[in-house]
Amino acid sequence: MNFTIVHYQSQEYYRMVELRDTVLRKPLGLTLDLTLLGNEETSIHIAGFEGNTLQCCLLLTPLEPSIIQMRQVAVDTHIQSKGIGKQLVQFSENIARELFYKEIILHARKNVVGFYEKMGYSTYGDEYIEVSIPHINMKKIL
Ligand SMILES: CC(C)(COP(=O)(O)OP(=O)(O)OC[C@H]1O[C@@H](n2cnc3c(N)ncnc32)[C@H](O)[C@@H]1OP(=O)(O)O)[C@@H](O)C(=O)NCCC(=O)NCCS
């Protein structure tokens with residue numbers, strides 16, 4: 001698996017948007033809201049390729065000088081549970097460290113809290129509903 005940063009609005013970026021739609025939104029009966037993508041220029045777009053095939057991706061969105069948010073974490077449905085999400089998150093944490101961020105926060109879907117716990121993230125605060133399903137905030141000090 002080759003992990004790389006892709007440019008906003010590049011061809012690879014739009015492939016990521018498609019994967020995010022397939023893995024994260026369609027299973028909830030939602031469709032992609034293209035107007036939201038306008039907010040993504042300041043995010044770091046990270047993708048994992050096997051050959052030419054995009055297999056996973058996520059975004060890192062700077063919030064404060066020391067805090068960055070991990071968002072839109074998606075591994076292709078056919079290859080989940082094979083350690084790819086773990087590699088993707090580890091690669092992204094290293095990028096955040098290189099950029100001198102001290103903390104990653106994220107809005108975890110409740111059904112994947114165990115995944116992030118294995119990656120060293122801790123829950124904080126109360127549960128809430130986002131995109132129609134229960135979420136909880138998590139964070140990791142880098
Ligand atoms: C959640 C997701 C990113 C995890 O990636 P993955 O490649 O399937 O997970 P990995 O194989 O790297 O799992 C790493 C570890 O976490 C565990 N894990 C994975 N998913 C889990 C879950 N839902 N609950 C608890 N543990 C989980 C694995 O068993 C593995 O444990 P191990 O290291 O002891 O073997 C991926 O399944 C996905 O894209 N899911 C759908 C979209 C989604 O929910 N994204 C997150 C939104 S917050």
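A residue counts as buried here if 20 or more other C-beta atoms lie within 10 Å of its own. Keep that in mind as we walk through this predicted model: of the 142 residues of the protein chain, 20% count as buried.

Let's start with the overall layout. The protein chain has three helices and seven strands, and from the N terminus on they follow the order β-α-β-β-β-α-β-α-β-β. Along its principal axes, the C-alpha trace spans about 35 × 35 × 30 Å. A compact globule of 142 residues would have a radius of gyration near 14 Å, and the protein chain agrees because its own value is 14 Å. Contacts also reach across the sequence: among those between residues at least 6 apart, 58% join residues at least 24 apart.

Now turn to helix H2, which covers residues 84–98.

Which residues of H2 are buried? They are Gly85, Leu88, Val89, Ser92 and Ala96. These residues cover an arc of only 95 degrees around the axis, so they sit on the same side of H2. An α-helix has 3.6 residues a turn, so residues three or four places apart point the same way.

What covers the buried residues of H2 includes strands E1 (2–6), E2 (44–50), E3 (53–64), E4 (67–75) and E5 (103–109), along with helix H3 (113–118). On the face turned away from the buried side, H2 carries the exposed residues Gln90, Asn94, Arg97 and Glu98. Just after H2, Phe100 takes a positive phi of about 70 degrees.

Key: Residues are numbered from 1 along each chain as its sequence is written. This is a predicted model: local features need pLDDT of at least 70, side-chain atom pairs count only at pLDDT 80 or more; totals for chains, interfaces and linings use all residues. Helices (H or I, at least four residues) and strands (E, at least two) are DSSP runs, numbered from the N terminus. The radius of gyration is taken over C-alpha atoms; the globule rule is 2.2 Å times the number of residues to the power 0.38. A residue is buried if 20 or more other C-beta atoms lie within 10 Å of its own, exposed if 12 or fewer, and partly exposed in between; C-beta atoms are placed from the backbone. Two residues are in contact if their C-beta atoms, placed from the backbone, lie within 7 Å. The expected span of a helix is 1.5 Å times one less than its number of residues. The arc is that of the directions from the helix axis to the C-beta atoms.
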